[in-house]
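Q: Could you walk me through this model? I'd like to start with how the surface is worked out.

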Amino acid sequence: MKEVMSNNSTTSISQARKAVEQLKMEACMDRVKVSQAAADLLAYCEAHVREDPLIIPVPASENPFREKKFFCTIL
Amino acid sequence: MATEGLHENETLASLKSEAEVGGSLEPRRLRLQRGTDYGLVLPVHQVAERVEALGQFVMKTRRTLKGHGNKVLCMDWCKDKRRIVSSSQVCHEHAVTMPCTWVMACAYAPSGCAIACGGLDNKCSVYPLTFDKNENMAAKKKSVAMHTNYLSACSFTNSDMQILTASGDGTCALWDVESGQLLQSFHGHGADVLCLDLAPSETGNTFVSGGCDKKAMVWDMRSGQCVQAFETHESDINSVRYYPSGDAFASGSDDATCRLYDLRADREVAIYSKESIIFGASSVDFSLSGRLLFAGYNDYTINVWDVLKGSRVSILFGHENRVSTLRVSPDGTAFCSGSWDHTLRVRGMVFCFPVCERREDG
């Protein structure tokens with residue numbers, strides 16, 4: 001029982017150590033300002049919106065999922 | 001106002017001193033991520049105010065696929081943009097019967113020549129595809145990944161040679177398909193990992209995973225290290241998807257919200273939610289430009305969000321049970337949703353007419 005308990009505390013110490021290492025590493029990260037990051041997301045959107053077929057619909061002739069219509073004429 | 005966002009008993013001075021002295025990193029990281037630190041915060045929606053609103057969308061269901069005899073759990077598009085693989089509760093996809101129930105994950109290989117799937121069997125198996133009706137595909141099956149709990153998600157990396165898996169055992173893993181060897185494992189989630197997504201190839205070797213521990217974690221595939229973690233959701237994260245530029249990712253959660261996290265700012269930058277939406281989001285995906293976020297929910301609907309403005313652009317009905325999976329096609333012309341109502345629906349844009357006055361969608 002005692003062994004199990006000391007095992008538990010060793011693992012939780014090592015877990016805590018790992019967590020601190022991880023947090024230290026994350027804290028050192030170079031962060032970009034949110035306004036800049038948001039502006040970049042916006043710029044990407046605006047640059048690519050013309051090519052987005054779900055926003056600017058492609059003409060039916062190029063849409064692979066269009067219904068194929070067959071026209072009949074009376075002879 | 002620089003003092004907005006401060007809690008009671010806090011002053012700018014007290015927060016600054018806490019940061020300098022190095023008082024507990026964990027709450028500070030969480031506060032930074034929630035944006036309540038240091039007041040001035042410009043979320044994406046404010047920056048996007050000057051952007052033109054999107055018009056009214058009309059989407060039409062182009063195809064309804066009814067081959068499954070049971071709940072559709074997962075689907076993936078082939079890079080040829082025409083084929084889909086889907087998996088269900090009683091394993092039939094592309095006419096392969098698997099010896100287990102609940103095939104929870106499936107993925108198409110980049111070449112289109114194989115598919116990977118797995119679920120409650122704790123394994124991820126790869127099947128080379130054949131269109132020869134005489135050949136028994138199940139006979140050529142290769143077991144690649146082996147976890148100690150269910151497989152929740154899988155994805156080929158840039159080639160047919162490696163597979164990334166996520167599992168209920170709380171880990172993700174990278175496997176070599178040919179040898180079945182474990183190349184790298186990713187430990188860090190405190191509970192089941194439910195989803196993963198690989199970064200678009202231009203941005204390098206990382207992937208994001210989401211789990212039942214409410215965390216979304218970004219990993220370096222080569223070192224196995226977690227490089228960033230985000231913990232603002234209030235419940236299980238069911239789905240994560242990278243923004244097309246690779247600088248951000250969206251998540252859908254059982255807390256009924258979808259959120260956008262920016263990787264370079266290292267924080268949540270937008271929330272997509274409404275008081276009227278109370279059911280969890282099961283699956284999210286971006287349109288090609290990243291302007292639209294499609295999210296499937298457990299209330300049988302699909303909500304289409306304007307990523308920049310934060311408003312809902314459209315709500316799509318049609319499924320008769322919860323939407324379990326949703327993917328936009330590789331060329332962006334359509335998206336496919338799979339549901340517990342046994343069907344998959346492929347939807348595309350019919351037209352979009354502009355509105356003069358943008359009113360808040362009720």
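A: Accessible areas come from the Shrake-Rupley method with a 1.4 Å probe, and for residues only the protein chains shown count as cover. On that basis chain B has an accessible surface of about 15100 Å², with 50% of it belonging to carbon and sulfur atoms. This is a predicted model, in which local features need pLDDT of at least 70 and side-chain atom pairs count only at pLDDT 80 or more, while totals for chains, interfaces and linings use all residues. Residues are numbered from 1 along each chain as its sequence is written, chains are lettered from A and ligands numbered from 1 in the order in which they are written, and side-chain values use heavy atoms, with hydrogens and water left out.

Q: What share of chain B is buried?
A: Of the 362 residues in chain B, 56% are buried, meaning under 20% relative accessible area, where over 50% is exposed and anything in between is partly exposed (1.4 Å probe, protein chains only).

Q: Which order do the strands of the open sheet take?
A: The four strands run β10-β11-β12-β13 in chain B with antiparallel pairing; strands are DSSP runs of E, at least two residues, numbered from the N terminus, and two of them pair if DSSP finds at least two bridges between them. At the edges are β10 (151–156) and β13 (182–187) of chain B, each pairing on one side only.

Q: And how many bridges join β11 to β12?
A: Five bridges join β11 (residues 162–167) to β12 (residues 171–176) of chain B, and L164(B) has L174(B) as its bridge partner in β12(B).

Q: Switching topic, where does Y300(B) lie?
A: Y300(B) lies in the loop between β23 (292–297) and β24 (302–306) of chain B; its phi is positive, near 80°, although Y300(B) is a residue other than glycine.
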